[in-house]
Amino acid sequence: MAPLREADLPAANKIFVDREDPQHIFERAVFSIPSNRAIIRVFYGPGGEGKTALCRELMRKTDVSVEPSYAFLRRAVLDLHGRVKTDPDLLLVWIRNAFATAGMIFPCFDLAFALTWAKTRGEEALPTFVNPWLGRLSKAAQGAVGEAASAGSSWLHSDSTKQLLGDAVGNIPGFGFLIKHLGGWVIDKTKRAYLERTYESLQQLKKDGELKPAYKLSALLPWMLAQDFNYHLARNSTERFVLFIDEYERVFDQGGAGACWGENPFDKHMRALITETNGLLAAFFFA
């Protein structure tokens with residue numbers, strides 16, 4: 001019988017091939033994630049070797065319904081295939097949303113991102129957040145609130161779970177800059193307590209009572225996201241985080257074969273987040 005040709009073989013990224021060594025590497029790492037820093041594992045190989053299939057298998061087998069011993073993990077997958085990578089701040093939103101699906105809450109990052117977005121993007125629509133607790137009013141709703149602020153607007157009273165950001169932070173010392181820069185925003189009343197615990201972190205966004213320049217605000221966002229992870233871990237000390245990042249080569253010019261003498265803004269944000277986050281295993285899969 002003639003040997004099979006390469007074209008006759010199934011694509012390795014479509015099926016899971018038994019890769020015991022990488023699985024054991026991951027398993028050893030996941031049960032030794034430190035509480036005071038992050039660790040990294042990288043699974044590298046030529047395209048079509050089955051890295052995406054391995055990523056999916058590790059995500060599957062760490063599901064608590066499959067293996068209860070992984071119940072201590074908060075897991076998230078960031079698949080970079082098909083994503084437009086021209087805005088590094090969105091990388092953080094993707095990570096935030098992936099973990100929000102796993103039940104995490106990110107008040108520090110959400111407020112910091114909203115402030116940065118308002119400062120740098122003007123009237124652009126805020127990116128979609130999974131399970132948001134901070135939102136922006138439409139212009140019509142802003143007008144209604146402004147006209148009936150003293151008596152209470154019908155819009156506000158029609159949704160008893162929401163309140164204006166200014167009303168929520170007005171009696172928290174040091175939060176006046178939020179009201180100044182986030183007019184027309186609302187929060188979920190049930191999340192008001194999270195505002196108070198973000199106080200110290202959010203002070204990093206300003207200097208002499210004013211917001212820092214736009215480029216400095218963006219540089220702070222990975223640190224802000226890390227504060228939410230660290231806060232959660234401090235109150236849930238037995239839990240750990242796992243972030244699977246598939247096709248990370250897509251972050252780089254020509255998959256890493258292009259110009260390499262400049263700082264890559266996406267990679268810079270990722271490195272900053274990993275550096276500042278405790279209890280995290282970041283598993284990279286790339287060619």
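Which residues in α11 meet H269, A272, L273 and E276 in α12? They are S218, A219, P222, W223, L225, A226 and N230. Keep in mind that you're looking at a predicted model.

**How confident is the model?**

- Averaged over the chain, the pLDDT comes out at 77, and 69% of the residues reach 70 or more.
- If you go element by element, strand β8 (residues 240–246) has the highest mean pLDDT, at 97, while helix α6 (residues 154–158) has the lowest, at 35.
- Watch out for residues 12–16, where the pLDDT is below 50; this stretch has 13 contacts in the model beyond near neighbours in sequence.
- Residues 138–160 also have a pLDDT below 50, and that stretch has 19 contacts beyond near neighbours in sequence.

**α11 with α3**

- Helix α3 (residues 88–101) packs with helix α11 (residues 214–235) at an angle of about 15 degrees, and their axes are 10 Å apart.
- Angles under 35 degrees count as roughly parallel, so that's the label for α3 and α11.
- As for handedness, α3 passes α11 in a left-handed crossing.
- On the α3 side, the residues that touch are D89, L92, I95, R96 and F99; on the α11 side, look for S218, L221, P222, L225 and F229.
- Sorted by class, the α3 and α11 contact has seven nonpolar, one polar and two charged residues.

- The structure holds 17 aromatic pairs, and one of them is made by F99 and F229.
- This pair is edge-to-face, with 5.0 Å from centre to centre and 85 degrees between the planes.
- F99 sits in helix α3 and F229 in helix α11, so the pair ties together parts of the chain that are 130 residues apart in sequence.

**α11 with α4**

- Helix α4 (residues 107–120) packs with α11 at about 165 degrees, with the axes 8 Å apart.
- Angles over 145 degrees count as roughly antiparallel, so α4 and α11 get that description.
- α4 passes α11 in a left-handed crossing.
- From α4, the contact uses P107, C108, F109, A112, F113, T116, K119 and T120; from α11, it uses A214, L217, S218, L221, M224, L225, Q227 and D228.
- Split by class, the residues where α4 meets α11 are ten nonpolar, four polar and two charged.

**α11 with α12**

- Back to the pair from the opening question: the axes of α11 and helix α12 (residues 265–276) come within 8 Å and cross at roughly 35 degrees.
- What handedness does the crossing of α11 and α12 have? It's right-handed.
- The class count for the contact of α11 with α12 is seven nonpolar, three polar and one charged.

Definitions and conventions
Residues numbered from 1 in each chain as written. Predicted model: local features only at pLDDT ≥ 70, side-chain atom pairs only at ≥ 80, totals over all residues. Heavy atoms only, no water. pLDDT = per-residue confidence, 0-100. Helix = DSSP H or I, 4+ residues; strand = E, 2+ residues; numbered from the N terminus. Contact = heavy atoms within 4.5 Å. Axes fitted to C-alpha atoms, helices over the stretch in contact; angles between N-to-C directions. Parallel < 35°, antiparallel > 145°, perpendicular 65-115°, else oblique. Left-handed = near helix turned anticlockwise from the far one by under 90°. Nonpolar A, V, L, I, M, F, W, Y, C, P; charged D, E, K, R; others polar. Phe/Tyr/Trp six-rings, centres within 6.5 Å; stacked < 30°, edge-to-face > 60°.
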